[in-house]
Amino acid sequence: MTEAIDVAGLRKSYGKTLALDGLDLTVTRGEVHGFLGPNGAGKTTTIRILLGLLRADGGTIRLLGGDPWREATALHRRLAYVPGDVSLWPNFTGGEVIDLLGRLRGGIDAGRRASLLERFELDPTIKARAYSKGNRQKVALIAALASDVELLLLDEPTAGLDPLMEASFRGCIEEERQRGRTVLLSSHILSEVEALCDRVTIIRLGKAVETGSLAELRHLTRTSISAELARAPDGLDRLPGVHGLDVEGNRVRCEVDTDQLDGLLRQLSAAGVRTLTSQPPTLEELFLRHYAGDGPGEHGAVAANRGGGQA
Amino acid sequence: MNTLTGTGALTKLAGRRDRFMLVIWIYALTAFVAFTVYGLKKLYPTAAAREEFITTAGHNPAFLSLYGPLFGNSLGSLTAWRDAALGGIGTGLMSIFIVVRHTRADEETGRLELVGSAPVGRHAALVSALVVACGANLVLGALMAAAAIAFGLPAAGSIAMAAGFAGCGLAFTGVAAVAAQLAQTGRAARGLAIGVLVAAFLLRAVGDSASAHGPHWLSWLAPMGWAELDQAFGSVRWWVLVLGPVAVVLLATAAAVLAVRRDYDAGLLPQRPGPPRGAASLRSPLALAWRLQRATLLAWTSGALLYGVVIGSSAKGIGGLLGSAQSRRIVIKLGGHSALSNAYLAALLSFTGLIAAGYAVSVVLRLRSEETEERADPVLATGAGRIGWALGHLSIAVAGTVAILVITGLGTGLGYAYRAGGGGSEVARLVLAGLAQAPAALVIAGIAAALFGLAPKASMAGSWTVLGVVVLLLFLGATVQISQWVLDISPFTHLPKLPGGPVSAAPLVWLTLIAVALAAAGLAGLRRRDII
């Protein structure tokens, strides 16, 4: 059994609102998997189904080899969860919450707890009502990271953290990966996902629209090229995978599908390259292409963008 | 910019947010007065009929503790007497909900912070809440008076009666304003203010049913006592009506002073650091529920002990209350003075049953607020299952309800034994009488649990409505003739009248089984449904 999470055709609606519309998600054991999408795309609903808090309307779900709805309690001992908006009991101290959640999960590593408190600079004697959003999030993160579990489900865990703490968080996730733990990291912070994740699933309107390693996804994106040539180029418009071609005398600007880059460069060198700037594809570009011009209910946009990307 | 800048705009906003709630409260309370006048007019159309009712029922200490003293035998007097306690509780609750909603609850959720960043003075939110609450009480008072006059009651008396209810609302407007400064959450502020309301009701109950030399002055401490002490349809004491406005001005001033002395979103109690580690026992859903509920339970049980001692020690002299020779004869026919003090204690202990039911419902509904405020998710995402989590809170509801009732019985027994003698056997008798209320209170809690599992969205409103209906049946059932099958809806109708009455175990067993079945249905529903 190598899949920590294996979800196929997951469907869930709240009344008339369709939250998940046939979502597929596969997370292999030992990987850090980025789960990307804007607010309202269905990330939190997916995670809550994986936790057995919500019942799926359809589809198959395997979590650590079990059924999260029927075997919730047994599976929960093997995972830890950090919600996106952490709300705590106002008159508990941070230390009490960390211990309570850790013990309910089946035990907490005292040494690791202490070192995490230090790394995240959290004072455990303060009552939760006095914590800021970021500090409440740290409480949940420490409780999760200090537990000895196989799988971490993190729902936008860094939304309230400052840049220094975000760096600590990235360090911690890197260590988790080295320990061989599986992490599902839901986020809309692309740099975080780019820095941490082995593989990424992008979801939109309750469906996975892209999934794969970052390298694979980059293949689907375009590199921006801007060049100054010795003479006017020839035949660029006939090359496959070239988009938005703009030729002004000897100057060329265009975008090219990354897997067609080679052909374009050969054509450009034939015309004698004076200067060349190329911008590599970013996850952000990929992401924006899926969501560009996204309005409620514009299902058609995905297919159109997708077609453009793979032409 | 002064501390009141923006009050006008906030008042409009509050009025808009509350428009449905206010209409419902005002309509319901006005209708309540109108129905009482109408009902009493049909039941006792003549002075002779009213006189007969008053001699038999009007001197019953149980009724006196429920409704307060009766001044005169006119239809108006009877109406004022019947409505005094519930009318005052109604306006008091309405005022508490309005004030806390627009002050502490908004501050806790952060809505007030958003508003506060606009040019809005420090006292604007408090004052706008006070304006809305006072306005609601004035409108309500005017409509109640109009309704009473329309049903044929004298104008002066109608105005005095309605002003008494509105005055009680004003007093609790002030109480809620102070509570909103002291407590740090909306829930705690409401709890504190409602606690004062319940304490006031109990003080009035004890004061009104006290014997000739007993603590009658206790009634003056209770705003719902003022509504009857103004003697609306007798020789009206108009000066009593000043008490409500005076109370709201004094308390609101106190709240405004307190508001300056604290930070936004802070209570007045200082923040102290707590333990860096969880106690070794904090490792199960039950331990979590206990930790969340223990302070509340401690407050309730101390109040229960105090209340028990007061009613227990006032029970002995209860016979002196009866004025007419005729009613004395009735009492003796009924079984003499011990029967009388038993009836008195049984009536007051059945209040305790209702109050314990209120406690139990609030504990059960904690499950729902833990769920909606997203504190349940992290717990349910651990090895703690849904059922274990819910059972943690339900166990506290059961144990707490039993504790409150046993401790009330204990206090009553100690107070009674101290004044009237009788020692340990009296104490044991009254502890059992208190405990006998538990099955009925737990049925109400069971309904709350069933709603939480099966119809979570309706659980808050539904559970409190059920409790409200049960309270209403107890109050109405005692005077207006209601068919027995309607009264039978309330689980409290089926309890043996203890102390004094025959003990029958069957209804207690049945009620307990019903409570268990309801809770089981709730748990089964919880297993199947989505969280939130």
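Val7(A) stands opposite Ile61(A), a residue of S4(A). Strands here are DSSP runs of E with at least two residues, helices are runs of H or I with at least four residues, and both are numbered from the N terminus. S4(A) pairs with strand S1 (residues 3–14) of chain A in the antiparallel sense, over five bridges; two strands count as paired if DSSP finds at least two bridges between them.

Both strands belong to an open sheet of three strands with the order S2-S1-S4 (chain A) and antiparallel pairing. Its edge strands are strand S2 (17–28) and strand S4 (58–63) of chain A, each pairing on one side only. From one strand to the next, the twist averages 15 degrees. Axes are lines fitted to C-alpha atoms, for helices over the stretch in contact, and angles run from 0 to 180 degrees between N-to-C directions.

## Basis of the model

This is a predicted model, in which local features need pLDDT of at least 70, side-chain atom pairs count only at pLDDT 80 or more, and totals for chains, interfaces and linings use all residues. Residues are numbered from 1 along each chain as its sequence is written, while chains are lettered from A and ligands numbered from 1 in the order in which they are written.

## The six-stranded sheet

A further open sheet, of six strands, has the order S5-S6-S7-S3-S8-S9 (chain A) with mixed pairing. Strand S5 (79–82) and strand S9 (207–213) of chain A each have a single partner strand, so one side of each is left without a neighbour in the sheet. Strand S3 (residues 32–36) and strand S8 (residues 199–204) of chain A pair in the parallel sense over four bridges, and Phe35(A) has Thr201(A) in S8(A) as its bridge partner.

Helix H5 (residues 133–145) of chain A lies across S5 and strand S6 (151–155) of chain A, running at about 170 degrees to S5(A).

## Overall organisation of chain A

The secondary structure of chain A comprises eleven helices and 13 strands. An automatic or database domain assignment divides the chain into domain 1 (3–217) and domain 2 (222–279). The C-alpha centres of these domains of chain A lie 43 Å apart.

## Contact with chain B

In chain A, 32 residues are in contact with 27 residues of chain B, contact meaning that C-beta atoms, placed from the backbone, lie within 7 Å. On the chain A side, H3(A) provides the largest share, seven residues.

How values were computed: Contact = placed C-beta atoms within 7 Å.
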